[in-house]
Amino acid sequence: MKKSIRIGAGLGFYGDAWEPVLASIERGGVHYIASDHLAELTLAILQKDLQRDPALGYARDVVPMLMRLWPAMKQRKVRFVCNAGGLNPAGAAAAVQAAFAAKGWQARVAVVTGDEVLQQVSGLAPAHMFSGAPFDTVRERMVFANAYLGARPIVSALQQGADIVITGRVADAALFLGPLVHEFNWNLGDAGDTATPADLNRLAQGLAVGHLLECSGQGSGGNFGSAQAWKAIPDLAHIGYPMAEVGEDGDAVIMKAPGTGGRINFDTVRQQLLYEVHNPHAYVSPDVVLDLSTVRLEDLGQDRVRMTGATGQPRTGQLKVVGGYRDGFKAEVTWGFSWPDAYDKALAAVEMVKTQLADKGVPHEALFVEFPGLNSAHGALAPLPDAQALAELNEVWVRMVLRTRDKKAADGFGRLFPWMGLSGPAYTCGFHGLHNTSELLGIWPALIDRNLVEPNTRVELLQT
């Protein structure tokens, strides 16, 4: 009898809902949950936490999430893999251990480190991955740099008996590939030296499974379609996150827990298959290069879609790095005007603010202006209504964002507005965000030789 395991999606980003994960554990028969807490920009958010408190720097939702899930996980022997460690995996593990100890719970927690590469990047000075900009333009402002690790340390943690694996920056789909490699003893190879074409195709299938599950509810009908198509997705309020039943040959059936909302069908799955893919013929990961063009989807009905046919090529000799650098400050204010002439009043108020900025010589690199409800979703692609329709609008809101290298300039931006409540265009609806300066962190993607990273990867098994 062919062996298979069932793996379920956890979070798709920091702050996502975990009640659907509980449904997968209690009703979905899963053996593993893989939870992705780190969007591309999340490390920038965590860096600000780390600056305030060196014990932070991780996705703090992992603690209440595991407190909610662990009783059901323990009862059903479900194991949990996540990248919630962010910039501080050890801190995340310590927080989980403390919370479990307070309840008298015991679990084996593994911590994966080694993705932090700021020192290596500073020495190598890699150019910006997309623009080619020189590293020297940000060198003195860099505050973090982390490489995307692959499945190998996750496999090691599971082999050591971890119930919970907490990593830092690991490629999203590798969170799912790790349990599959562990359970089926798939060969990860060494840059293809020992991995056969059959090995690579199995890894490609596993990576494709991870890609379909890594975005939580988006893989089961959330965020789906347009032009009324989204209305056909049932009960999004109780959406079930996608799960995959995967055989040792890599063939998989995508499904969700019984009695949950959402939809698993050919269209919802293929939407997720193409999400964030630049080149479907070469979807590069730390473990294998996936060719999505060979994937076959078969709608089995009843919220089940079979996925087969993924093919793989050997992994590259480099890993992607996401770096962050200090990039100035921003301050933003939103305010509105009511009928009559709401749009014209908003335009006049914008010009008044621009005049003040010029009169006072406020240093700034950019001033962003948008009108929520009119063009904030699609920007220049959203044509404004004609003049008559604009004149009849009941209310118009305007959002202005100042970007500057000078914190004092950002702090003072809000003071340019309140006086207009009595001395500006009539019928101001109110101001929001008069005092909300925040530091900006720019993102520096780059490539680094994997041999400078992987030897420093460590897996530590802790007992709670």
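Author: In this predicted model, the buried residues of H7 are Ala174, Leu175, Phe176, Leu177, Gly178, Pro179, Leu180, Val181 and Phe184. Helix H7 spans residues 174–184, and with 9 of its 11 residues buried it is mostly covered. The cover over those buried residues includes both strands and helices: among the strands are E1 (4–9), E2 (32–35), E3 (79–82) and E7 (242–247), and the helices include H6 (152–159) and H8 (197–213). Directly after H7 comes Asn185, which has a positive phi, near 55 degrees.

The largest pocket holds about 1,200 Å³ of space. It is lined by 41 residues, of which Glu40, Asp172, Glu276, Tyr283 and Lys320 are the closest to its centre. Strands E9 (283–284) and E14 (318–338) each give the lining at least two residues; E14 provides the largest share, 3 residues. Sorted by class, the lining consists of 22 nonpolar, 11 polar and 8 charged residues.

Leaving aside residues up to four places away in sequence, Glu370 touches Asn375, Ser376, Trp397, Val398 and Arg399.

Methods:
Residues are numbered from 1 along each chain as its sequence is written. This is a predicted model: local features need pLDDT of at least 70, side-chain atom pairs count only at pLDDT 80 or more; totals for chains, interfaces and linings use all residues. Side-chain values use heavy atoms; hydrogens and water are left out. On a 1 Å grid over the protein atoms alone, a cavity is a set of points where a 1.4 Å probe fits but cannot get out, and a pocket is an open set with protein on both sides within 12 Å along at least five of seven lines; lining residues have an atom within 4 Å of a point. Grid points are joined across faces, edges and corners, and a volume is the space filled by probe spheres set on the points. Helices (H or I, at least four residues) and strands (E, at least two) are DSSP runs, numbered from the N terminus. Ala, Val, Leu, Ile, Met, Phe, Trp, Tyr, Cys and Pro count as nonpolar, Asp, Glu, Lys and Arg as charged, and the others, Gly among them, as polar. Buried means under 20% relative accessible area, exposed over 50%, partly exposed in between (1.4 Å probe, protein chains only). Contact means heavy atoms within 4.5 Å.
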